[in-house]
Amino acid sequence: MLLTSTSFLFFFLPFSLLINYLNLPKKRKVILLGSLSAYFYILDNGYLILILVFLTFIVNIQIKKNYFNNVFFIILLLFPLFIFKYSFLFYNFLNIEIPIFIHANFPIGLSFFTFQAIAYYFDVKRKENVEDSFEIFTFLTFFPQLLAGPIVDISTYRKGIRSNYFDINNFNNGINRLSLGLIKKFLIADTLAQITSIYLDSNYEISFSFLSSFLLIFCYTFQIYFDFSAYCDIAIGIGLLFGFRLPENFNRPYLAFSFQDFWRRWHITLSNFFKNFVYIPLGGNRTSKLKNYINLWITFFLTALWHGATLNFILWGLIHGLFLTFEKILGYKKFFSNRLITFILVALSWVPFFSKSVTDTVEIISSLVVFETVNDNFLPVLVQYLNLKFFVVFIICIISLIKFRNPFNQFKNNFLTNLSLLIISIFIVLTSSVDPFIYFKF
Amino acid sequence: MKEKLFLTITIFILSSAMFSGIYFPAKNSYSYVNSIETLGEERKLIELVFSTNRKELKNKIETYVFESSLRNQVLGVVSIISWSLQDKISIDTQFFNTEVFFGRDGNLFPKTKSCNVYILNSEVGYNSEYIDKFIFMIVPLKQEVESSKLEIIQNHYLCKAFHESFVSFQKNNPNLKIIDLYDAFSSDTNYFEFGDTHWNSFGFNSALVELLKITYPEENFKILPDGEYKENNKVFERLGLIKLNIDSPKYIILPKINKKIRLLIFHDSFFDNSYSPHAYLEDYFLIDYKRWNKNLNLNNEEFKNYDFIVFQSSVDIFFESRILYIKD
């Protein structure tokens, strides 16, 4: 069930909120939230809930009995991820047809909850307390962040589950974040998606010129940000409604003044995961310069692979690895240290991320120097979508690149303001059709 | 107490769209986005919560929300606001994501999914023994015929690919009877309805004359004014959510035919009764209508019962998909 689907927003969410009337003790809250989350997952994924049961079982048995060595344990946890996300490589290599149960099913959020299970086991704070198996299951399946993160650590969960009182400030902030997330998703991201989907849904050869290529890159750059950050706002908002403070995943990433800064602001929980579980164990930056660069490239290679085992994602990861290496070699403060340059390079790096092939990547980027529109067969289709709503969204995107203090922050704790925002966001949901979030496919 | 009140209000607001659908369903719900099919599901919502068929619960809730009077009211207000802005600004003010866009003064045009030239080297339908009976009536897009009603940018980047595909189709199939509506719709007049992507009475009769020229070559047909009619503007009503009331000149073709020939028409919405009145067409032909479908068999035995088989299609869909149904 998508967090923006009508069945979630107008049925599942209000009924789940009834929990807040009950002032439940911790144990009952765990059972109720776990059951609700399982129901939430089953509604869309059916028997694939067994993957979450499997992960819970493995993590629980390892904590209690310490059966496996760490490498084998991680392989076991990654096994479902490998089957559903990467096994196609082997089937293709061996020229065997992919079994239908793999081909037709992808457990939504698999990459996220697999990583959460790994992070949980290795979290040093885990040993401060002992969760029973159902509590581990509730932690892994907690529905606001189950499908696309943010990846939550155990201390966040423990604080939330212990809070058995209804906190009005949390609730107020929750409504605020939920409403803003819905507005960002339906008004901004989905309007930009109309342009990008012309390319993504096309099944014929498209040729571009500067104008169409620029608009496509611009739209995707902001779509992926507003789409994913909207999802995180919604997840964080819903978390707050239940007393959980989920971690922030974005901090205005397009205001970064270097690639290093960008990765401190973009998909923060995933960046932290790779930093803590790949980069630092490899030696991080406390090694020789050469080894440090190699560590960086390995980390970004794996980050790319996490998004998908395609040449395009690997190219995207390598571009980021390359720029980070440049920054380290040349000293990023001297070399970049410029918001506009960083933004332009980050925007260009999205091209291999979204394009359908490496050839398309080259075509889109090289078209940025083609100013003649005669052979452009993308622009005539795109022009049909350039309406008032699009131009308003375009201006919002430009404004989002300017650093300023959010004028609405002062109203954040006003219930009536938040209620009005909620009503507006519901009206926007009612007048929109739902496009799935980009990050669900990971 | 205050906390519980806040919680209650929030739950009420969130669930209002669904309860509005259960207790106050709209009489005519708008359907500009895909409607949900419940496949005859009669069980109540509470029964479906524990159903093993998990899709039915979601469908049921979505049906309630889609059919709610609250949603209808919101859609109505938004459409009135955006339409009221349309004649004040030279830009499409449409708020919803639909299959159409607005040009100058709110003229409605269909969005195309592609702008690709389809060059077809192999001839069409040559393996059919009925090839001499085939007539192709490819209808241009409204924006190709009435480009002056587009805004400047829309006109500047207007897709020329479909016309090029049509020309190539004509050139590669010199022995086929292909009606050139690009040529027939070339004078500076209205061939399409204002708030619709389909032809008006003049456009329909102009196309019909071209067909009559092939089927009754000995006759000399003329289009004459015949009062007025209310434009359908159905697409605008469905997607713009506002009913337009526009009177448009109506036309008639003379002479009428006494000894009529038999036609089979494979058609899309252009030959629906609203846009091509079937009773009026009976003055010229004995017609059987069939919708385009993928299982079209060009050697169908039925074809021998007809004098002509007409393949009518909108140009974009013809080259994007329908051509494949009849291609060798």
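**View 1. Confidence of the predicted complex and of chain B.** For the complex, the predictor reports an ipTM of 0.86 together with a pTM of 0.88. Chain B has a mean pLDDT of 86, with 90% of its residues at 70 or more. In residues 34–39 of chain B, however, pLDDT remains under 50. The model has eight contacts beyond four places in sequence for this stretch.

**View 2. The kinked helix α4 of chain A.** Helix α4(A) covers residues 70–93, 24 residues in total. A straight helix at 1.5 Å a residue would reach 34 Å, yet the end C-alpha atoms of α4(A) are only 29 Å apart. The helix contains a kink of about 60°, and this kink is centred on A:Tyr86.

**View 3. The backbone at A:Asn95.** Although A:Asn95 is not a glycine, its phi is positive, at about 60°.

**View 4. The open sheet of chain B.** Five strands of chain B make up this open sheet, arranged in the order β4-β3-β9-β7-β8 with parallel pairing. At the edges are β4 (177–180) and β8 (285–291) of chain B, each of which pairs on one side only. On average, and with direction ignored, neighbouring strands of the sheet are turned by 25° against each other. Helix α12(B), residues 315–326, packs on the sheet and touches both β3 (134–139) and β9 (308–314) of chain B. The directions of α12(B) and β9(B) make an angle of about 135°.

**View 5. Pairing of β7 with β8 in chain B.** Strand β7(B), residues 261–267, runs parallel to β8(B), and seven bridges join the two. One residue pair may be picked out here: B:His267 has B:Arg291, in β8(B), as its bridge partner.

View 6. Between B:Leu254 and B:Pro255 the peptide bond is cis, and its omega is near 0°. B:Pro255 is placed in the loop that connects β6 (247–254) with β7 of chain B.

**View 7. The contact between chains A and B.** Chain B contributes 43 residues to the contact, and chain A contributes 39 residues. On the side of chain B that touches chain A, at least two residues come from each of the helices α1 (2–23), α3 (54–66), α4 (69–86) and α6 (152–156) of chain B. Helix α1(B) provides the largest share of this side, 12 residues. By residue class, the side of chain B that touches chain A comprises 26 nonpolar, nine polar and eight charged residues.

Key. Residues are numbered from 1 along each chain as its sequence is written. Chains are lettered from A and ligands numbered from 1 in the order in which they are written. This is a predicted model: local features need pLDDT of at least 70, side-chain atom pairs count only at pLDDT 80 or more; totals for chains, interfaces and linings use all residues. pLDDT is the predictor's confidence in each residue, from 0 to 100. Two residues are in contact if their C-beta atoms, placed from the backbone, lie within 7 Å. Helices (H or I, at least four residues) and strands (E, at least two) are DSSP runs, numbered from the N terminus. The expected span of a helix is 1.5 Å times one less than its number of residues. The bend at a residue is the angle between axes fitted to the seven residues ending there and the seven starting there. Two strands pair if DSSP finds at least two bridges between them. Axes are lines fitted to C-alpha atoms, for helices over the stretch in contact, and angles run from 0 to 180 degrees between N-to-C directions. Ala, Val, Leu, Ile, Met, Phe, Trp, Tyr, Cys and Pro count as nonpolar, Asp, Glu, Lys and Arg as charged, and the others, Gly among them, as polar.
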